[in-house]
Amino acid sequence: MSVVSLLGVKILNNPAPFDAKYQFEITFECLEPLQKDLEWKLTYVGSATSSEHDQELDSLLVGPIPVGVNKFIFEADSPDLKRIPTSEILGVTVILLSCSYDDREFVRVGYYVNNEYDNEEMNDDPPAKPVIEKVRRNVLAEKPRVTRFAIKWDSEDSAPAEFPPDQPEADVVEDDGAAYGAEEAELEAAEVEAETAEGAKEEDEEMGGAEDTAGPATAKAEDEESDAGSEDLEAESSGSEDEEIEEEEAEGEGDEDMEMDEGGETAAQAVGKETSVQTQHQGEVMVH
């Protein structure tokens, strides 16, 4: 945990002319007494392509630091134009506000800075040589980039862990590399079996789905075929019934004809008999 925490930074003169001083109101909190002072620095990045043009605008030692919340004003001079490439004066650059304890940096705040002319005509058509009196800077104070670093303060307990803690008991434990490898092999085998079982299950489900899909259609086709067969059978049975009825009717008519014939023969025979009887009588009469 950091002994000193940065609570806030406020830029007092923004925007401002390019050659005006930077003014920061810095608020921080100290959790315990410190043996040394805090060193604050402001760095101007003169070029985006090389750190050779970076220049430290100012530095300030603050101390002794009382425990609690502290506030102070930090002023820094404007950058030296001779150390900035002419092509890098206008446009966007960066300033870095940092704080160190015992030459160990623990916090850094970066701001974008936009340098441009104070009128649109010069911005649209800038002169070959920058006119510094017309250039104004605008620090984007609403979007700072804060970076914090863990450092050692006055006590050894506050030092960050550079290496993992010693574990002497780890050397006493037996090496379980073989067992670990065996466990891995078992896990892999179990995974393979599970995947195989899942694949077989999926195939069974697909086949079952296919049977279910084909079953209703087959059953429907069979029903249709059975319906068609039953219709044909019914048609045939109805046809045979009609034929039987016709045959029976025909046979009935034949029987009637035969009965009528028989009846006719009987009547003729009767008539013949009567005629013969009468003839006999007549003959007998004629004899007498």
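## Salt bridges

Glu56 is partly exposed, at 43% relative accessibility. This is a predicted model. Glu56 pairs with Lys41 in a salt bridge whose closest N and O atoms are 4.0 Å apart. The two residues sit in distant parts of the chain, Lys41 in strand β4 and Glu56 in strand β5, 15 residues apart. Lys41 is also partly exposed, with a relative accessibility of 26%.

How many salt bridges does the count come to? The count is five. One of them joins the side chains of Lys36 and Asp102, at 3.0 Å from N to O. Lys36 belongs to the loop between β3 (22-30) and β4, and Asp102 to the loop between β7 and β8, so this pair ties together parts 66 residues apart in sequence. Lys36 counts as partly exposed, at 39% relative accessibility.

Another salt bridge is formed by Arg108 and Glu105, with closest N and O atoms 2.9 Å apart. Salt bridges that share partners also build one network, made of Lys36, Asp102 and Arg104. Both residues of the Arg108 pair are partly exposed: Arg108 has a relative accessible area of 31%, and Glu105 one of 25%. Side chains of opposite charge can pair when their charged atoms come close.

## Overall fold

The protein has 288 residues, and 20% of them are buried. Its secondary structure comes to two helices and ten strands. Along the sequence the pattern reads β-β-β-β-β-β-β-β-α-β-β-α.

## The loop between β7 and β8

Asp102 lies in the loop between β7 (91-101) and β8 (104-117). Its phi is near 55°, a positive value in a residue other than glycine. Asp102 is partly exposed, with a relative accessible area of 31%. This is the Asp102 that meets Lys36 in a salt bridge.

Asp103 lies in the loop between β7 and β8 as well. Asp103 is not a glycine either, yet has a positive phi of about 60°. Is Asp103 buried or exposed? Asp103 counts as exposed, because its relative accessibility is 69% and the cut-off for exposed is over 50%.

## Contacts of Glu39

Glu39 is part of strand β4 (residues 38-45). Which residues does Glu39 touch, not counting residues up to four places away in sequence? They are Ser59, Leu60, Leu61, Ser98, Cys99, Ser100 and Asp103. Asp103 takes us back to the loop between β7 and β8.

Glu39 can also be placed relative to Gly63. The two are 24 residues apart in sequence, and their C-alpha atoms are 8.9 Å apart in space.

## Cis peptide bonds

Gly63 is joined to Pro64 by a cis peptide bond, with omega about -5°. Pro64 lies in the loop between β5 (55-62) and β6 (68-76).

A cis peptide bond also joins Asn14 and Pro15, again with omega about -5°. Pro15 is found in the loop between β1 (4-11) and β2 (16-17).

## Surface patches

Val92, Tyr112 and Leu140 make a nonpolar surface patch of about 310 Å². Val92 is in strand β7, and Tyr112 is in strand β8. Val92 counts as exposed, at 60% relative accessibility. Setting aside neighbours within four places in sequence, Val92 is in contact with Tyr112, Val113 and Asn114. Val92 and Ser47 are 45 residues apart along the chain, with 9.7 Å between their C-alpha atoms.

A negative surface patch is formed by Glu120, Glu121, Asp124 and Asp125. Where is Asp125 found? Asp125 is in the loop between α1 (120-124) and β9 (135-139). Asp125 is exposed, with a relative accessible area of 61%.

Conventions: Residues numbered from 1 in each chain as written. Predicted model: local features only at pLDDT ≥ 70, side-chain atom pairs only at ≥ 80, totals over all residues. Heavy atoms only, no water. Patch = residues over 30% accessible without salt bridge, like charges linked within 9 Å, V, L, I, M, F, W, Y side chains within 5 Å. Areas by Shrake-Rupley, 256 points an atom, 1.4 Å probe, with all protein chains shown as cover. Lys, Arg positive; Asp, Glu negative; His and termini not counted. Charge placed at Lys NZ, Arg CZ, Asp CG, Glu CD. Helix = DSSP H or I, 4+ residues; strand = E, 2+ residues; numbered from the N terminus. Buried < 20%, exposed > 50% of the residue type's maximum accessible area, 1.4 Å probe, protein only. Contact = heavy atoms within 4.5 Å.
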